[in-house]
Amino acid sequence: MSLSRSPSPVPGGGWASPGLTNNLSPSGRSSPTKAYAGSNGTPVMWERQKNMGGAAYQSFSTQNQGFFSRHMRRISSSLPRFKADNTHGAEREKIGQGRWNMPRLGRIRGITGRMSRRTKMLLAFGLLFLLGYIIFYSTPLVYYYRRTSWLGGGQKFVIILAANVGGGVMEWKGAREWAIERDSIRNKKKYVAKWGYDLEIVDMSTKKRYAHEWRESWEKVDFIRSTLRKYPKAEWVWWLDLNTFIMEPSKSLQDHIFDHIEDVTYRDINEYNPLNISHPPADPYLDELSKSPIGDGNPDSIHLMLSQDCSGFNLGSFFMRRGTWTDHLLDVWWDPVAYEQKHMEWEHKEQDALEQLYTAQPWIRKSTAFLPQRMINSFPTGACSEKGTDPRIHYDQKDRDFLVNMAGCEWGRDCWGEMYNFRELSYHLNRSLWERFKEDLLCWIWFKLTGKKVKF
């Protein structure tokens with residue numbers, strides 16, 4: 001049967017397409033006529049639509065309107081695209097033939113391109129500030145630029161820390177003594193690294209400087225002299241005993257003392273005179289400068305700065321300045337003749353010797369100044385407590401004292417317990433904003449949720 005004479009699927013004959021069926025055909029055949037026009041001259045449907053320009057049908061167009069429509073296009077355009085390499089059909093399984101192409105540079109350009117000029121400038125300044133903060137405050141570069149004379153002057157200061165590497169005279173160190181030494185040394189190392197100072201850790205174990213004598217704790221005089229030779233650029237040395245802890249490492253020595261030394265020191269010992277030393281000296285042969293209670297009043301003439309506790313001079317924390325006056329004092333202080341004659345009477349050894357020199361030698365008074373004890377040498381409540389807590393002597397957390405000296409803790413007190421408590425207190429007081437957020441807020445939320453105390 002011929003395809004042209006096949007029966008039509010439409011009931012009554014004809015084709016499904018209206019342009020192919022001619023109801024007026026006199027022959028009555030069901031085969032299609034010419035597709036370009038009907039038998040009566042009327043254009044077929046597709047040609048009619050062409051002549052009408054397609055206006056009879058609704059066309060689909062994206063409006064691209066609204067916040068989500070616009071941003072979904074931007075998000076989709078920034079998604080990773082899979083880039084397949086079909087040129088090597090047999091090697092497509094090899095690594096690297098097809099991979100995810102991440103348009104990072106284009107994404108960054110797209111983000112910055114949508115920013116205003118003001119936003120770009122603020123972002124650039126913010127990035128420069130962040131970069132400068134990281135470089136100058138969070139890298140080892142801090143130590144070096146703070147050492148320079150025009151950015152900090154840290155090279156002018158040397159901290160001498162008295163350690164006891166091999167043990168004491170009467171017994172060797174135990175675990176607690178090692179822990180005290182470890183925490184004290186770490187505390188001083190962090191401080192000098194922050195401010196650009198030098199740290200000299202000296203061994204205070206018993207040594208005989210001469211064949212005929214033994215001087216325990218007198219070594220500090222000799223160590224100060226050797227340290228000044230070792231660091232020729234140093235102007236000041238700060239002696240610290242091992243049982244000391246710097247509570248406020250965010251304060252530099254310059255800000256704390258040396259930038260306003262004339263305001264924080266006093267030369268007239270009568271302001272606080274636990275030894276009842278007569279001052280000023282009244283010998284008739286002395287000049288007017290030696291008879292003055294404050295010397296010449298010039299801060300540049302100060303070469304020795306120390307504090308006094310309840311029993312007199314305290315050398316657990318004191319400063320000495322490079323100069324001829326200091327060289328003369330160290331020579332007299334170390335004099336073996338004076339030591340041989342008086343060491344049995346001096347209970348506190350080199351400390352009592354300095355008190356004797358201050359009392360008997362007017363030239364020493366002219367260049368000696370005193371600092372309030374709590375400024376460089378606060379005591380815990382267990383020291384000098386025969387008369388109770390003294391606001392002039394004992395540490396006060398509210399005032400954020402600079403340094404604590406656990407003096408005399410080996411005589412009936414717990415040295416390690418005091419060192420541990422002050423170490424934790426110093427950390428708590430000097431926490432950063434991020435540490436406060438973690439420990440004060442997150443730990444509190446975790447405790448409320450679980451009932452367990454944690455430390456992030």
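**Terms and their grounds**

Reply: Asn-276 counts as exposed because its relative accessibility is 67%, where buried means under 20% relative accessible area, exposed over 50% and partly exposed in between (1.4 Å probe, protein chains only). The model is predicted: local features need pLDDT of at least 70, side-chain atom pairs count only at pLDDT 80 or more, and totals for chains, interfaces and linings use all residues. Residues are numbered from 1 along each chain as its sequence is written, and side-chain values use heavy atoms, with hydrogens and water left out.

Me: Why is Arg-400 called partly exposed?

Reply: Its relative accessible area is 28%, so Arg-400 is partly exposed. Arg-400 is located in the loop between helix 15 (373-376) and strand 10 (403-405).

Me: What is the phi of Asn-276, and what is that of Arg-400?

Reply: Asn-276, in the loop between helix 9 and helix 10, has a positive phi of about 55° although it is not a glycine. Arg-400, also not a glycine, has a positive phi of about 55°. Most residues other than glycine have a negative phi.

Me: Why are helix 7 and helix 11 called roughly antiparallel?

Reply: Helix 7 (residues 219-230) and helix 11 (residues 324-333) pack at about 150°, with axes 10 Å apart. Angles under 35 degrees count as roughly parallel, over 145 as roughly antiparallel, 65 to 115 as roughly perpendicular and the rest as oblique. The two helices, helix 7 and helix 11, are therefore roughly antiparallel.

Me: Which peptide bond is cis?

Reply: The bond joining His-279 and Pro-280 is cis, with omega about -5°.

How values were computed. Axes fitted to C-alpha atoms, helices over the stretch in contact; angles between N-to-C directions. Helix = DSSP H or I, 4+ residues; strand = E, 2+ residues; numbered from the N terminus.
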